[in-house]
Amino acid sequence: MSCSEEEVHYNDIGTVFLVTVNDCVSGTSTILDVSTASSLSLVFKSPSGASSTKPATLYTDGTDGKIYYTTVDGDLNQVGTWRIQAIVNIGGGVYRSDVGTFKVYENI
């Protein structure tokens with residue numbers, strides 16, 4: 001049996017969701033420097049369609065565009081395919097990442 005660091009299970013606590021925020025400049029995707037952001041958040045949309053917004057944190061100094069959130073009890077409360085998107089406020093602008101998906105597996 002092999003291990004997968006990406007497999008997420010129902011009601012996992014301490015799972016880190018890391019998202020890189022990019023911007024499109026002249027048709028090229030570039031990393032967005034989020035170091036001066038006034039607000040960082042990750043929006044999770046459950047399989048049933050319910051959304052919750054969680055406060056995110058800079059992964060490093062923000063110049064790499066990476067932000068993260070660590071799950072707590074009750075966050076991953078449904079089995080199935082979830083959606084995730086970062087929202088960053090910088091100097092009056094609001095930037096959103098591409099929408100990603102991940103699957104939450106049931107426990108035995």
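In the predicted model, Asn 89 has Val 94 in β10 as its bridge partner, and this pair belongs to an antiparallel pairing in which β9 and strand β10 (residues 93–96) are joined over four bridges. The hairpin that β9 and β10 form has two residues between the strands, and within this hairpin Gly 91 adopts a positive phi near 50 degrees.

Strand β9 also pairs with other strands. Seven bridges connect β9 to β5, the two strands running antiparallel, and Val 43 is found opposite Gln 85 in β9. A further five bridges link β9 to β11, again in the antiparallel sense, with Trp 82 standing opposite Phe 102 in β11.

The largest nonpolar core comprises 20 residues, of which Phe 17, Val 34, Leu 42, Phe 44, Ile 67 and Phe 102 touch the most other members. Two or more residues of this core come from each of β2 (16–20), β5 (39–45), β8, β9 and β11 (100–105), and the greatest contribution is that of β9, which supplies five residues. In soluble globular proteins, nonpolar side chains tend to be buried together.

Because its relative accessibility is 12%, under the 20% cut-off, Asp 75 counts as buried. The side chain of Asp 75 makes a polar contact, at 3.0 Å, with the side chain of Lys 54. When residues up to four places away in sequence are not counted, Asp 75 touches Asn 11, Lys 54, Tyr 69, Thr 70 and Trp 82.

Methods. Residues are numbered from 1 along each chain as its sequence is written. This is a predicted model: local features need pLDDT of at least 70, side-chain atom pairs count only at pLDDT 80 or more; totals for chains, interfaces and linings use all residues. Side-chain values use heavy atoms; hydrogens and water are left out. Buried means under 20% relative accessible area, exposed over 50%, partly exposed in between (1.4 Å probe, protein chains only). A polar contact is a pair of N or O atoms within 3.5 Å; within protein, one must be able to donate a hydrogen and the other to accept it, and residues adjacent in sequence count only if both atoms are side-chain atoms. Contact means heavy atoms within 4.5 Å. A nonpolar core is a set of buried Ala, Val, Leu, Ile, Met, Phe, Trp, Tyr and Cys residues joined through side-chain atoms within 4.5 Å. Two strands pair if DSSP finds at least two bridges between them.
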